[in-house]
Every structure is written in structure tokens, then in C-alpha cells.
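Trainee: I would like to go through this protein one part at a time. Please show the sequence and the structure before we start.

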Amino acid sequence: MIDQCHKRGMELHAWINPYRAKTKVAHTNSPGHVVSRHPERCFDYDGLTLLNPALKENRDYICAVVMDIVERYDIDGLHMDDYFYPYPTPGVEIPDTADFEANNEGYTDIGDWRRHNVDLFVEQLAETVHNTKPWVKVGISPFGIYRNQKSHPKGSRTNGLQNYDQLYADILLWDKNRWMDYCVPQLYWEIGNKAADYDELIHWWNDNCHNTNLYIGEDVERTVKYQHMAEKMTLHAEMEHVQGVVLWYAKAVVDNVGNYGTQLRNNYWRYPALHPTTPWIDNTAPDKVKKLKVIDVDGHRVLCWTAPKAKKWNDEAVKYVVYCFDKSESLDIDDPSKIVAITEDTHFELPEQPRKTRQVYVVTALDRMHNESSYKKVKVKY
């Protein structure tokens with residue numbers, strides 16, 4: 001999967017749920033599973049078995065698993081979903097009162113103590129990932145409501161389950177401290193939803209999540225059902241801090257539900273895109289490519305170049321962007337319609353053109369964090 005993604009210029013982010021060790025539909029665990037080996041480190045809640053977030057040994061165990069993934073695989077990101085403390089079931093209490101009484105770490109409110117437990121884990125996980133491979137991004141996809149305004153003045157004008165109060169996930173603290181590199185709030189509702197209006201929520205996240213890259217989690221089928229694709233795409237473009245969208249789920253796009261895939265391909269996403277940068281990890285672009293020229297290979301014109309020199313991982317060019325301009329055009333590499341290739345190769349076969357055509361090809365280098373170098377150019381006559 002990693003190889004196939006990288007061949008297509010895509011990143012691969014490994015997805016985990018940290019605490020859920022056994023789901024309602026799972027019947028047994030392997031004898032080697034942490035639940036089987038350490039049942040005392042778990043608790044049951046409404047048919048689920050969870051690693052107890054209050055225990056340091058569980059934080060250490062999850063981070064050891066994450067380190068193993070990061071060390072052994074060339075992933076680009078480590079992504080956690082919205083499951084921290086379990087989604088509440090009416091009338092069912094989380095069985096951690098004894099842990100709170102035994103070691104409350106100075107907290108008098110059990111909710112604050114639970115948030116502290118999750119904070120400790122998220123901070124440790126971010127340090128684990130970045131100390132192992134500093135270029136691997138940490139992403140979190142929280143439930144779409146941080147807090148309702150009736151719970152806190154800074155909350156959104158919504159009326160639904162809350163990350164902070166019921167899942168004990170203080171997303172804005174993680175954003176402030178950059179314990180994550182990107183945030184994907186799950187805004188799976190339609191515009192005008194009475195409990196959780198998409199329009200209200202995208203503005204709220206845009207106004208409050210500033211220190212990490214913000215991408216919006218979209219429910220493809222619900223967007224199609226309410227015919228809100230155009231309106232949502234307009235909102236994305238209007239939001240200063242929204243840098244992208246994560247579509248749930250991919251199969252709905254592949255199946256072209258409601259013509260969604262066709263609209264992306266032919267309209268909204270018809271041009272290639274470069275990945276957003278992560279400047280707090282690395283904001284220095286690689287050097288320019290060297291020795292850019294056009295050569296003849298068996299009657300075909302091929303654009304060739306040499307990679308720039310690099311001393312460290314954050315200097316190394318890992319991909320290249322090839323742009324094509326007519327001779328009379330200004331060389332604007334911020335125009336995605338001029339991108340003809342994003343490639344790991346140091347060559348690109350030029351397409352055939354009518355005689356007397358004159359073009360300018362431009363090549364830039366990208367490092368692991370998608371910082372783009374200045375360009376080299378070459379003129380081509382047909």
C-alpha cells in the first residue's frame with residue numbers, strides 16, 4: 001500500500017484507535033493480545049473492552065506499538081480517530097472511580113482527571129512519533145463538536161455530544177501545544193442541521209483551530225443526499241485556515257455516488273495539487289534541481305535534470321514538479337493548471353506538439369514536508 005501510494009504521489013497515514021482493545025462484534029482475542037495478557041489494565045464498557053487511559057503502562061504500550069509501526073514502515077503520518085474515552089451510553093458509568101480515588105493527581109473533578117489522562121497520552125504519542133521520524137505527521141480526527149455554547153461561551157451554536165465534556169478530548173489544547181500536526185473534525189452533518197449545522201461548525205473550527213493544518217471531514221453520502229456539494233466547496237474556499245478535505249468514505253467516491261466522483265474529477269479537483277506544508281516541522285525548501293536539459297531518446301524528447309545535493313533528511317528532494325507554459329506566459333508556479341507531472345523520477349518525456357510551437361518547461365524540487373524549491377527553466381522549440 002505504501003509503495004503504491006508513493007508511486008502516485010500520495011501519502012499513506014497509518015490509522016489507529018488507541019484505547020479500544022475489543023469491540024462489540026469481536027468474540028475472542030488472541031492469547032498474545034494485551035487484553036488476554038493484562039486484563040487488569042482494561043475495563044469493560046457497554047460491550048467494549050478498553051485499555052484504561054488512567055494507566056501509564058497503557059500509554060507506554062500504545063506508544064511502543066506506534067514506534068514499531070513508524071520504525072518499520074515508510075509511512076507519512078500516524079492518524080488517530082475520534083475514540084478516546086468511550087462514547088457515552090445513557091445509564092452506563094465508566095468504571096474508573098477506584099482509579100480516580102487511588103491516584104487523582106491533585107484533580108478534584110473526575111472529568112478534568114480523565115482529560116489529563118488523555119492529554120498525557122497525546123503528548124507522549126506526538127513525542128514518540130517525532131523522535132522516531134521527525135517527518136511523520138500526527139493527525140487526529142475528532143468528533144465534530146468541541147463544546148456547545150450552552151456549556152462554554154467559546155463553544156459552537158450546536159446541541160450535540162461534546163469532545164471536551166463527554167469524550168474527554170481537549171482538542172484545542174492539543175492544537176495550541178502542537179501535539180498534532182493536522183486536525184480533521186468530522187463534520188458529517190448537512191448545512192442547516194438543527195443540532196449540528198455544518199455551516200456553523202466549519203466557521204467555528206476555522207476560527208478556533210489555528211496552530212495545526214485543518215482539514216474538514218466530509219460525509220460524501222449525506223452531502224449528496226442534501227445536494228450540498230457546491231455550497232460546501234464554496235465554504236472550503238472561503239475559510240482562511242481550512243487547507244483541505246478528508247472524504248468519508250472513499251468507496252462512495254469511487255462508486256460515484258450522486259455523481260460526486262465525476263464532479264471532483266471534472267470540476268473541483270481537475271488539476272493536480274501539492275500537499276500542504278508543515279512549517280513547524282521543516283520550513284526550508286531544498287535547493288534547485290541541476291543540469292536541466294532536453295535530450296533525444298529514440299526519437300522522443302525527454303526533459304532531464306539532476307537532484308540537488310542534500311546533507312540531511314530535510315534537505316533531500318524526494319519529488320519534482322514539472323510545469324509547462326507557453327512562451328508568452330508569465331512563469332507562475334502558483335497556477336496548478338500548469339502542472340503536467342509530479343514525479344519521483346529525474347526525467348519526464350515531453351508530449352508531442354505541433355510544429356513551430358514554443359514552450360517553457362519549469363522544474364522544482366519538493367522535500368519530505370512538501371516545501372518547494374525555486375525553479376529551473378528550459379525553452380523548447382518544436
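The questions and answers below go from the whole chain to single residues.

Mentor: This is a predicted model, in which local features need pLDDT of at least 70, side-chain atom pairs count only at pLDDT 80 or more, and totals for chains, interfaces and linings use all residues. Residues are numbered from 1 along each chain as its sequence is written, and side-chain values use heavy atoms, with hydrogens and water left out.

Trainee: How many helices and strands are there in the chain?

Mentor: Helices (H or I, at least four residues) and strands (E, at least two) are DSSP runs, numbered from the N terminus. Along its principal axes, the C-alpha trace that carries them spans about 80 × 45 × 40 Å. The count for the chain is 12 helices and 16 strands.

Trainee: What percentage of the residues of the chain count as buried?

Mentor: Buried means under 20% relative accessible area, exposed means over 50%, and partly exposed is in between (1.4 Å probe, protein chains only). The chain exposes about 19,600 Å², with carbon and sulfur atoms supplying 48% of that area; the areas come from the Shrake-Rupley method with a 1.4 Å probe, and for residues only the protein chains shown count as cover. Of the 382 residues, the share that counts as buried is 47%.

Trainee: What share of the contacts in the chain with a separation of 6 or more comes from residues 24 or more positions apart?

Mentor: A contact means heavy atoms within 4.5 Å. Among contacts with a separation of 6 or more, residues 24 or more positions apart account for 68%.

Trainee: Is helix 8 mostly covered or mostly uncovered, and how many of its residues are buried?

Mentor: Helix 8 runs over residues 198–208 and is mostly covered. Its buried residues include Tyr198, Leu201, Trp204 and Trp205. Among the elements that cover them are helix 7 (171–177), strand 8 (213–219) and helix 10 (229–238).

Trainee: Which residues does Glu200 touch, not counting residues up to four places away in sequence?

Mentor: Glu200 is found in helix 8. Its relative accessibility is 12%, so Glu200 counts as buried. Leaving out residues up to four places away in sequence, Glu200 touches Ser156, Arg157 and Thr158.

Trainee: Which residues line the largest cavity?

Mentor: On a 1 Å grid over the protein atoms alone, a cavity is a set of points where a 1.4 Å probe fits but cannot get out, and a pocket is an open set with protein on both sides within 12 Å along at least five of seven lines; lining residues have an atom within 4 Å of a point. Grid points are joined across faces, edges and corners, and a volume is the space filled by probe spheres set on the points. A search of the whole structure finds one cavity of 30 Å³ or more, and the largest cavity has a volume of about 30 Å³. The lining consists of Glu11, Asp76, Trp135, Lys137 and Arg368.

Trainee: How many charged residues does the lining of the second largest pocket have?

Mentor: About 210 Å³ of space lies in the second largest pocket, and its lining includes His6, Glu11, Asp76 and Arg368. Ala, Val, Leu, Ile, Met, Phe, Trp, Tyr, Cys and Pro count as nonpolar, Asp, Glu, Lys and Arg as charged, and the others, Gly among them, as polar. By class, the lining has two nonpolar and three polar residues, and the charged residues number seven.

Trainee: How many disulfides does the structure hold?

Mentor: A disulfide is a covalent bond between the sulfur atoms of two cysteines; here it is taken as a pair of cysteine sulfur atoms within 2.5 Å. The number of disulfides in the structure is zero.

Trainee: Which cysteine has the sulfur nearest to Cys63?

Mentor: Cys63 is in no disulfide. Its relative accessibility is 3%, so Cys63 counts as buried. The nearest cysteine sulfur is 16 Å away and belongs to Cys42.

Trainee: Where does Glu105 lie, and what is its phi?

Mentor: Glu105 is in the loop between helix 4 (97–102) and helix 5 (110–132). With a relative accessible area of 42%, Glu105 is partly exposed. Although Glu105 is not a glycine, its phi is positive, at about 50 degrees.
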